[in-house]
Amino acid sequence: MARTSNKNIQAKLVLLGDMGTGKTSLVLRFVKGQFFDFQESTIGAAFFTQVLSLNEATIKFDIWDTAGQERYHSLAPMYYRGAAAAVVVYDITSMESFVRARKWVQELQRQGNPNLIMFLAANKADLEEKRKVAIEDGEQYAKENGLFFLETSAKTAQNVNELFYEIAKKLVKASPSRPTGMKLHGRQQETRRGLLCCSG
Amino acid sequence: MYSTQSKRDLAIEFQSQIPILRPSIHARRANITVKFQDLYGFTVEGNVDDVNILNEVREKVRQQGRVWWALEASKGANWYLQPQISSISEGIALKSSLKFSAVANAITLKRLIRKGIPPVLRPKVWFSLSGAAKKKSTVPESYYYDLSKAVEGKVTPATKQIDHDLPRTFPGHPWLDTPEGHGALRRVLVGYSFRDSDVGYCQGLNYVAALLLLVMKTEEEAFWMLAVLLENVLVNDCYTNNLSGCHVEQRVFKDLLAQKCPRIAAHLEELEFDVSLVATEWFLCLFSKSLPSETTLRVWDVLFYEGAKVLFHVALAIFKMKEDALLLTHQVGDVINILQATTHHLFDPEELLTVAFDKIGSMTTTTISKQRKKQEPAVMAELDQRLRRLNSLKMEDK
């Protein structure tokens, strides 16, 4: 397969959502193809990288997987600052987590950059018998707020790769056709200090 | 339900055996990764070099044990438990009436603790020197039992979160990840959530309490260690609703890094790398999620005796040890990978603590307190501003 272009995109991606919704599990499924029934709870945040190759470009994800407990909320800006994409996760078996997800969306709409690509992931889709949030509710909310929506299961891998591929595609589309090596970290380049040496 | 003592002996078993690890010939030849259990029952992955280091560390632990026994023989069994000793270490002015021997003991003790407390003595030494014993002595003997009994069966947001995290706390550990382990951890965390409702339950405490359970003989002592840690050893509000204490510590840490490791600090700033991205977890879990267990506990040995400033020493040391590599990084991801690889393979506590105390240089508790005071208003203003912004979002929602 010949790649028509060698465009490289580096993009910061952040996962937000209530505790125990499966943020880490989604990332581990995508990055390592692993799943554990009991995934260690994340403190602060965990960092992962993964490269995805599309026909048009190669995308290198810098993934920040954040802690879900409400009090960790005050740390979140540090992680979503400069993100090109965000995945807000809720658990279909918990209405509370859906409420939390909507709060995250609001906050991102207010704080994040206007070009932030946002996905709403309704996780644990394998637990159909325990479902509390109807698929239509998630879909409708996403539609009203200009989010992309997918029901996922880190356990069965349903829609997990699709989720990240969709994000990658959107990133490619959003990125201006410039040559290789561009960074899609939302931070403005001009704010960087004009130091020429690394003072090292 | 309180006879968890027998199960607790499991941890002691880990400590007393201290077997020499022998990687298979295949592993040695191929330099492949081997899996083994460390002193406290955690499964560790490492290469043959790591195993060799761990064996050396175990030998040192044995030697260190002999030093402690010799001191006990010459100074009496509980020489280190004299009250004066710990008060000197807290920087209280020396009274002229204080005997020379007490001062000498204090100096010996500080040096000795930095060299590591033998695992078998850890519960006793920690419990006394941290102030946990004193804390426990101010309440009726049955306090922990009564508390556990009183909160049994109660459901609060904190208990729900604790229940959710029990199987997610060091999953796969041979004792923690059993019904007994979950039960003990639950009672300690739930008990504490009722003791201090401002803290309630904060994620991160599950790892801290779990490790305390493995070290201390009983869950009651683990509970008191958790209490003294949150109420006396660490700064206030590290774990309360918006983690304000943790925010303060992170700002102080940034300043200290700029002071003590200016080249690293400047380079990371250039990369737009905020050290809190990695250090938050270190401070909230007291390194238990990042460092190998024996190394973590060596840090805690000093933490319980010298106080919260130890966390800064150790965090700075981790950066300092990798200065050359860090200065060559071009991306945030590389910085994190270096730091993660470093912490996960820090099987030699000696190496870390030598850098932490000898190379980083001294920092007094008073100076650090001043720096905290300086940062507090900024943190409060930031958190307040955030709260107002979130509230305005809620208003819009209506």
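In the predicted model, M216(B) is buried, because 24 other C-beta atoms lie within 10 Å, and 20 or more count as buried. This residue is found in the loop between α11 and α12 (219-233) of chain B. When neighbours within four places in sequence are left aside, the contacts of M216(B) are P123(B), E221(B), A222(B) and M225(B).

Chain B is divided into domain 1, made up of residues 1-9 + 131-233, and domain 2, residues 244-382. Taken over C-alpha atoms, the centres of these two domains of chain B are separated by 27 Å. Between them, six residues of domain 1 of chain B are in contact with eleven residues of domain 2 of chain B. Helix α11 (residues 205-215) of chain B provides four residues, the largest share of the side of domain 1 that touches domain 2. By class, that side of domain 1 of chain B has five nonpolar residues, one polar residue and no charged residues.

Contacts are also present between the chains. Here, 27 residues of chain A are in contact with 35 residues of chain B. On the side of chain A that touches chain B, β2 (45-53) and α3 (95-111) of chain A each supply at least two residues. The residues on this side of chain A comprise eleven nonpolar, ten polar and six charged.

Key: Residues numbered from 1 in each chain as written. Chains lettered and ligands numbered in written order. Predicted model: local features only at pLDDT ≥ 70, side-chain atom pairs only at ≥ 80, totals over all residues. Contact = placed C-beta atoms within 7 Å. Nonpolar A, V, L, I, M, F, W, Y, C, P; charged D, E, K, R; others polar. Domains from an automatic or database assignment. Buried ≥ 20, exposed ≤ 12 C-beta atoms within 10 Å, placed from the backbone.
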